[in-house]
Amino acid sequence: MGRRCISKNTVIKLVKTISVAAVAATLLTTVSNASQAMKIHWFGTSNIVIDDGENAIAFDPFFSRPGLWDLFSLSTLKPDPEVIEHWLSKSPISKIKGVFVSHSHYDHILDLVPLAKKFSSQVFVDDNGRTIAMFQGYQENLIKIQKVNEIYSVGKFSVEVLRSGHAPHLWGKVFMSGKIKSPFPREASFLDYKNQDCFSYLIRHPQLTILFAPSSFEDVERKNVTVDLIIQGIAARKSSESLLKNLVIPYRPKAVMPVHHDNFFRRLDAGQEVPSGVALDEFIQTTKQLAPEVVVIQPQYGKPIEIGALNKLRH
Ligand SMILES: [Zn+2]
């Protein structure tokens with residue numbers, strides 16, 4: 001049997017072809033990773049969108065932000081679709097497939113239906129949230145009552161619902177609490193948006209794991225896992241030290257992103273204002289003292305945060 005001879009030129013051509021293919025493949029991987037790096041968009045309060053480049057999930061939609069006068073005068077609160085559109089168009093956002101509402105106070109749910117309608121999203125709410133969504137004309141088959149310890153899959157995200165509670169507003173009390181009677185009043189003021197159940201979320205994704213805890217209520221159901229990032233509501237906290245020791249540090253996060261620290265009686269386009277009572281700087285300083293290894297992320301309205309970089313941080 002004769003052996004086939006491969007000429008030197010053929011070998012060189014082959015090596016070149018393989019090299020070009022390998023470089024192309026590497027580039028493609030890099031490009032596709034870059035376009036699919038996870039991003040978090042923050043629109044004030046605990047209104048966030050987490051986008052993996054294919055799909056997005058949203059929490060606590062609240063763009064319209066009625067002013068103090070609207071509240072004092074007990075005006076009927078209405079979502080403002082133009083404001084929602086304006087902020088969503090600030091940067092590209094993938095299809096929002098699921099919208100979760102941690103509780104049904106107006107600053108967490110007011111814009112649920114217009115946002116969900118835009119993407120025909122599945123929405124996850126409690127009974128009060130369902131009453132509000134039905135009143136605003138959302139399709140019943142897209143409304144799901146979320147249950148503690150259930151895990152909901154949305155694209156590559158899996159979202160586990162954790163039992164939480166609402167941090168007291170004042171004198172140990174949570175205002176606007178109780179079951180909303182159906183039907184929801186046609187001229188509902190902020191007083192009609194009542195808190196019933198209150199949830200936190202453990203969000204798992206191949207890129208990273210996030211604990212989203214919109215309330216500073218500390219007796220949250222604890223899961224025995226570590227997370228990459230905690231998005232932590234800091235309004236009405238007992239103290240930064242106790243919030244960090246009881247809620248944040250046990251999860252050994254690489255980063256913490258404080259939210260719900262801004263004055264939400266101002267419109268988003270008026271810019272971020274932190275009321276002195278919320279003491280954001282003090283929270284950041286206390287984090288540096290008690291958990292110096294944890295990076296504090298300070299979000300800006302509508303400026304997406306690329307969190308792929310978190311993978312390079314310690315764990
Ligand atoms: Zn609330």
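Student: Which residue stands opposite histidine 41 in β2?

Tutor: Strands of a sheet pair through backbone hydrogen bonds, either parallel or antiparallel. Here, valine 49 in β2 stands opposite histidine 41. Strands β1 (residues 39–42) and β2 (residues 48–51) run antiparallel and are joined by four bridges. Strands are DSSP runs of E, at least two residues long, and helices are runs of H or I of at least four, numbered from the N terminus; two strands pair if DSSP finds at least two bridges between them. This is a predicted model, in which local features need pLDDT of at least 70, side-chain atom pairs count only at pLDDT 80 or more, and totals for chains, interfaces and linings use all residues. Residues are numbered from 1 along each chain as its sequence is written.

Student: What is the order of the open sheet of seven strands?

Tutor: The order is β6-β5-β4-β3-β2-β1-β14, with mixed pairing. Its edge strands, β6 (143–145) and β14 (305–306), each pair on one side only.

Student: How do β9 and β10 run, parallel or antiparallel?

Tutor: Strand β9 (residues 199–204) and β10 run antiparallel, joined by four bridges. A hairpin of four residues connects β9 to β10, and arginine 204 stands opposite threonine 209 in β10. By contrast, β10 and strand β11 (residues 229–233) run parallel, also with four bridges; leucine 211 has isoleucine 230 in β11 as its bridge partner.

Student: How many residues of β10 are buried?

Tutor: A residue is buried if 20 or more other C-beta atoms, placed from the backbone, lie within 10 Å of its own. In β10 (residues 209–213), four of the five residues are buried.

Terms used: A residue is buried if 20 or more other C-beta atoms lie within 10 Å of its own, exposed if 12 or fewer, and partly exposed in between; C-beta atoms are placed from the backbone.
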